[in-house]
Amino acid sequence: MTVKEVLRAHIADQGNASAETKGEDRHAASAAPAATVAAGRASQELGIRRAEFELAVHLGLIAVVGAPCGGRPRVHEEEIARLREQPGFPDALVERVRTVGTAKGAALLDIAPARFTRLARAGCVSPVTFYLNRYRAVVWLYLADELAAFAAREPELLAGRTPPGMRTMLESGADWRARNWRSQRIDRLLDRTTDPWARTAVQASALDPVQLAEVVDDPYERAYLVRVRPEPVFGRPGSMAAREAMAELMLADDPDEILWRRVNLTLELDAAREDRPAPRPGDDAGARTAPPARRGARPRAVHQAPAAQSATPPAAEPATPPACSGAPHPAAVDRTTRKGLLARLGWRGRGAG
């Protein structure tokens, strides 16, 4: 073989090797995870404001994924493409997250602001978020879409005399706005996780330390609940005053609500203990990380009835459907299970807690 033939053979071998390498690279690239972008860039590509983006994430309209190193959640480019392909984009998305306060909400329903406030206090409409005004007072905001749906569902509540049951409830000073906001917030956090201990932590977030210790008597379990508690992916209040207001609003403050949160926490805690024990000092560091929840049947938490969705005062036994038609009905608990749970909770009645 001549020198030229040797060189040609060597060059051909290098070319084949290069082609194989490129093929492997293309295969590796195709197997790589889908590209993601930060929240700021995602909101820009979607043509919506950052506050609108965060509310859309909170409502489950935009899917996000956790960052690999525990940073802020990110958005798949495929998710952005999916949203951009929806009819009416981006106006339709913006309309679904449009919020209004009392004055604009009343104008939208064509009623007086005072009547709107009464409906909100009675729980016929539920706030989705809030902010603090310059006097550090809580200002509730409502989804315009939900107000429109309420007007179509309950037109008789927008005019005429207030129903007697609702009037009695309001005269007693009842205000269901914070309670309904808590209920919706908890439900949306539960929708984002299947891990039993994380779900237990969500339920625990509505109880103050004394109430929590009465249900979860193991201090190691309580400490674990703090570590695994899922937080809202966006929209966390920045100022100290806002954080204090959020912490206060998150806690159940009515005996009936406290009872239902304790029941829900007990059911979730039973499922979590069955799934795996909470880590103890000296356990492997890996045990501190919540593994994926096991598939299979487990006790379901009893969702609190949106008390507010009723024109009558809330009852201690949530077996009566809400008076406002179209409102979700509470899940029922059989009497035997309920009595057993109340015994475990040490509940003494309406004045307890």
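1. Aromatic pairs, the rule. Rings of Phe, Tyr and Trp (the six-membered ring for Trp) pair if their centres lie within 6.5 Å; planes under 30 degrees apart are stacked, over 60 edge-to-face, and the rest tilted. By this rule the count comes to five aromatic pairs.

2. Basis. This is a predicted model: local features need pLDDT of at least 70, side-chain atom pairs count only at pLDDT 80 or more, and totals for chains, interfaces and linings use all residues. Residues are numbered from 1 along each chain as its sequence is written, and side-chain values use heavy atoms, with hydrogens and water left out.

3. Phe 116 and Tyr 142. These rings form an edge-to-face pair, 5.1 Å centre to centre, with 90° between the planes. The pair links distant parts of the chain, 26 residues apart. Phe 116 sits in helix 7 (residues 113–121), Tyr 142 in strand 5 (residues 138–143). Helices (H or I, at least four residues) and strands (E, at least two) are DSSP runs, numbered from the N terminus. Phe 116 is buried at 0% relative accessible area; Tyr 142 is buried at 1%. Buried means under 20% relative accessible area, exposed over 50%, partly exposed in between (1.4 Å probe, protein chains only).

4. Trp 197 and Tyr 224. This aromatic pair is edge-to-face too: 5.5 Å between centres, 70° between planes. Trp 197 lies in helix 11 (residues 196–204) and Tyr 224 in helix 13 (residues 219–228), so the pair ties together parts 27 residues apart in sequence. Trp 197 has a relative accessible area of 0% and is buried. Tyr 224 is buried, also at 0%.

5. Aromatic cluster. Phe 130, Trp 140 and Trp 181 form one aromatic cluster.

6. Helix 8. Which residues of helix 8 (residues 144–153) are buried? They include Ala 144, Leu 147, Phe 150 and Ala 151. These four cover an arc of only 120° around the axis, so they lie on the same side of helix 8. The arc is taken from the directions from the helix axis to the C-beta atoms. The cover over the buried residues of helix 8 includes strand 3 (99–100), helix 6 (102–109), helix 7 and strand 5.

7. Glu 79. Leaving out residues up to four places away in sequence, Glu 79 touches Leu 61, Ile 62 and Ala 63 (contact: heavy atoms within 4.5 Å).
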